[in-house]
Structures are given as structure tokens and as C-alpha cells.
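This briefing covers selected features of a predicted model.

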Amino acid sequence: MDFSWLSDPFYLGYLWEGFVNTLWLLLVSAVGGLLLAVLVALARLRGPRPLAWLVWAFTTVMRGTPLLVQLFFFYYGVGHLMEGVPGIQETFMWPLLRDPFFFAALTFILSVGAYSGEVIRGAMQSVPRGELEAGRAFGLSGFQVLTRLWLPRAIQLCLPTLTGEMILLLKSIPLVSTIALMDLLQAANIIRDETFLVYEPLLLIAGIYLATTVVLTLVLRFVELNFPGMQPTQRRWLPIR
Amino acid sequence: MTSMTPEGLIDWAGPILSGALTTVQIAVLAYAIGLLLGLLGAGAKLSPWAPLRGLATAYSTLIRAVPELLLILLLYYAGAQALDALLAYLGMAGAVQITGFATAVGVLAFVQGAYMTEVFRGAILAIPSGQLEAADAFGFSRWDRFHRIVLPGMLPNALPGMSNLWLILIKDTALISVIGFNELFFTIQQAAASSRAYFLFYAAAGVIYLLMTLSSTALFARLERYVRRGQPTEA
């Protein structure tokens, strides 16, 4: 085991950039994905029939195909098609459409939206009807019932599952190294190519991921414990499925 | 583009189908070994002997806390090196194709086993302890108790988790392409790069994987009905 390359500021720079990109991508995808998930759940439960059907097809496809294939499909497939759109290279959109971060975030948001959307849909169906009817009886509008009763109660029910989904999201992030985005794995790949050390860089980032997973687990558990009305339940050390 | 693309797909149909076959072979073998590892892991985790319990806990916790792609890369390099050394020792150096296939299966099975350990552990713990005590009271041997009581008792509990893991495994086989082994997604990448019809080929890849996962879902639904036979239906 030779870790002398760790003293090289260039390699440390790569690793730092990779770490920051990993966290940034995690944050963007988690926030965007959970917002999309609520819309997905609502569309499936209360949307007009064609929309509900379309959203069902969307979740089935996203959950039935590998994330790596989706990443390639959006970055290379859709990106390549976009290149052919006349005039697009002059618009403000163009720098975005060349950016692997944009496509990675897009793919992850859609993926989290599909997986967590199904989780939230199930939880929303489990909220007793009487509670929602009580809300209406107290004079809340339909929108108020949704934001003050239905969603908070549903999230209470599925919070442990949702936090598990966030851990899974963190563990999917190394996939973006395949579309040349500088994440931790890409940093390790560069170090491997330059120093000819195969195991050391990979082991180091495996350690970083392990630590990040544990920290994220603790943060999410804090969120779970402090979520209003959460019942303390028996918890596993790592909420990974 | 439309005039060129159908030709591209037909030209590549043969390699893509054989890639899909390789993917299915890898997945089935890795799943079988993963099931075995999971049973062993769950047995070790529930064992009264602390070192064995610690080993199984370290295995399932470490593997599940590190991203699959990272593990696959690490284990692939380590596994390929070990297998190459073994083959060279046996005087069969250069059997790269065997090495690639075997390491792909081994790596996926090793990762799968860690997740399977947790599924089986939970399912075994969910068996009412009275049933196990009854088996002991009737003088069942350990093996009889395992395959007549524990196995059929835990299968209904374990099957949803097992079917989830099979779907995850099919999708994880695509990660093997990162290593450069010639399975379905690697073939697709070659096809897309050489025909430059990226959209078409990656969409086709999505459809093939979707067919695999949807048909497996249907199969597992039937299997679940079978293992739940004789159970009271819940309202």
C-alpha cells in the first residue's frame, strides 16, 4: 500500500473537487427529486386518467431500467439529438446542454422522483380518509388539506423509507464518473491513471464513501427523530435496504 | 437519420442478443451464488458464536455502505488478479474470457450476498419461535428443522426482498460494462459509438432491460402466490 501521492496538492485538489461535486449533486437531486416525487404521487392519485397513466408509465420505465443506461440515454442520446436542433448552439441553453452535471442532476432527479414518488403515493393512500374529511369539515381548502394534513401525515408514515432512498442516491453518485463528471470516483480514476496504483485511490474513496454514508445516516436519523409527530421506532444502524 | 437508423439496429441485433444472453447468464449465476452467500450470512448473523456473528455483520454492513460501482471496480481488479495468478499457476494463462465472466459473476454475487443476508435474517427472525420449538420438541434434526420448517416458513417473508434484489441485480449487471466485459450494455455502447445513433441504441437498451425486469416481476408474483399457498389470505 502506497499512499505517498496523498501529499501531492494536485491530487488533493481532484479529490476535494470530486467530494464537493458529489455532495452538491446529492443535494440538488434530493431536493429536486423529492419535489418531483410529490407531484408524481399527486398525479397518480388525483390526476386526470391520461396523466395518471402517463406517470405510471414513467415510474415503471425509470424503476425498470438501470440508472447507468438512463444516464447514457440522457447525456449521449438526448444530448446528441439536441446538438442537431438548428439554432440551439446560439441560445443560453447551450452551455447547460454541454454540461455533464446538468444531465447527471436531471437523471437523478427523474430517478428519485420515480422511486420516491411510488413510496409517497403508497403512504398517501395509507392516511385515513377520516382525517382528510375532518380537515374539510374544519373549513380547510383542498390545497390546505394537502399541505397541512395529507402530505405531513404521509411523510410521517414513509420517512424511514425516504431516508433509505437518500442513502441509495448517495451510493449511485459514482455512476456519473462514466460521463466524465468529476466526482470522487473520477478523481480516483485520474490518480490511478497517473500513479499506476490500482487499489489505493479506490480504497481511499471507498473509505470516504463509508464515512459519508455514516454521517448522512446520522443526519437523516436526526431529521427522523425531530420530524413533528414521529413515533420513535426501532431503527437499524444503517437504513440501507 | 430516420433512413439510416433501422439498418443500424438490425446490423447489431445479433451481438445485442448475445450480449443480452450473457447478461442473463451472469445475473442467474450471481443470484444463485448470492442466495447461498445470503443463507450462510444470515446463519452466521444468527449464530450463537460471537466471532462468526461479527464477521457476518462486518460483511453485510461494509458492503452495503459502499457504492456498488466502487465495489465492483475494486473486487474486479482484485478478483481478476487473483484468478489470473491461479490460472497462470495452473499453466492456463491468457484465458481472459473465462476470467472476465467468472469475476463478473463473483463480484456481483459477493455484493448480492450482503444484501441477501439482511433479507434472510429478517425473514428467519419473523418465524414464530413456537414453530421452531415445536420442531425441537418433535425431535427434528437440525437439517430437518432447517429444510422442513425454517425454509418454507421464511420464504413468504423473504420473497418480496428477494424479488427486489433480483431486479437490482439485473440493473447492476450494466455496471459490469464499466470494466469492459462484453455484456449487453457494453455491446450497446459499442453499437451506439460506431453508428453514432446514440438515442436509438440507448433507448433500445432501456427497452431490453425493461422487458427483463417486467417479465421477472410477473414471474416473482406467481412464485409468491405459490409460497403463500396454505396461508390465510389477509383482508
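Helix H3 (residues 67-83) of chain A packs against H8(B) at an angle of about 155°, and their axes are 8 Å apart. Since an angle over 145 degrees counts as roughly antiparallel, H3(A) and H8(B) are therefore roughly antiparallel to each other. H3(A) passes H8(B) in a left-handed crossing.

**Residues where H3(A) meets H8(B)**

- On the H3(A) side, the residues that take part are A:Val69, A:Phe72, A:Phe73, A:Tyr76, A:Gly77, A:Val78, A:His80 and A:Leu81.
- Their counterparts in H8(B) are B:Tyr198, B:Phe199, B:Tyr202, B:Ala203, B:Ala205, B:Gly206 and B:Tyr209.
- Sorted by class, this contact of H3(A) with H8(B) has 12 nonpolar and 3 polar residues, and no charged residues.

**The contact between chains A and B**

- Chain A contributes 28 residues to the contact, and chain B contributes 27 residues.
- On the side of chain B that touches chain A, the elements giving two or more residues are helix H2 (50-65), helix H3 (68-89), helix H7 (184-195) and helix H8 (198-227) of chain B.
- Of the elements on that side of chain B, H8(B) gives the most, with 10 residues.
- By class, the residues on the side of chain B that touches chain A comprise 21 nonpolar, 3 polar and 3 charged.

**Packing of H6(A) and H7(A) within chain A**

- Helix H6 (residues 129-137) of chain A and H7(A) pack at an angle of about 160°, and their axes lie 10 Å apart.
- With the threshold for roughly antiparallel set at over 145 degrees, H6(A) and H7(A) are therefore roughly antiparallel to each other.
- H6(A) and H7(A) form a right-handed crossing.
- From H6(A), the residues A:Glu131, A:Leu132, A:Gly135 and A:Arg136 meet A:Val145, A:Leu149, A:Trp150 and A:Arg153 of H7(A).
- This contact of H6(A) with H7(A) is made up of 4 nonpolar, 1 polar and 3 charged residues.

**B:Gly41 and its surroundings**

- B:Gly41 is located in helix H1 (residues 5-45) of chain B.
- B:Gly41 counts as buried because it has 26 C-beta neighbours inside 10 Å, where 20 or more are required.
- Leaving aside residues up to four places away in sequence, B:Gly41 touches B:Ala56, B:Tyr59, B:Ser60, B:Gly113 and B:Thr117.
- One of these contacts, B:Ser60, is 19 residues from B:Gly41 along the chain, and the two C-alpha atoms are separated by 7.9 Å.

**Positive phi at two non-glycine residues of chain A**

- A:Ala180 has a positive phi of about 60° although it is not a glycine.
- A:Ala180 is placed in the loop between helix H7 (142-172) and helix H8 (184-195) of chain A.
- Because 10 other C-beta atoms lie within 10 Å, A:Ala180 is exposed, the limit for that class being 12 or fewer.
- A:Phe196, which is not a glycine, also has a positive phi of about 60°.
- The loop that holds A:Phe196 runs between H8 and helix H9 (199-226) of chain A.
- A:Phe196 is likewise exposed, because 7 other C-beta atoms lie within 10 Å.

Notes
Residues numbered from 1 in each chain as written. Chains lettered and ligands numbered in written order. Predicted model: local features only at pLDDT ≥ 70, side-chain atom pairs only at ≥ 80, totals over all residues. Contact = placed C-beta atoms within 7 Å. Helix = DSSP H or I, 4+ residues; strand = E, 2+ residues; numbered from the N terminus. Nonpolar A, V, L, I, M, F, W, Y, C, P; charged D, E, K, R; others polar. Axes fitted to C-alpha atoms, helices over the stretch in contact; angles between N-to-C directions. Parallel < 35°, antiparallel > 145°, perpendicular 65-115°, else oblique. Left-handed = near helix turned anticlockwise from the far one by under 90°.
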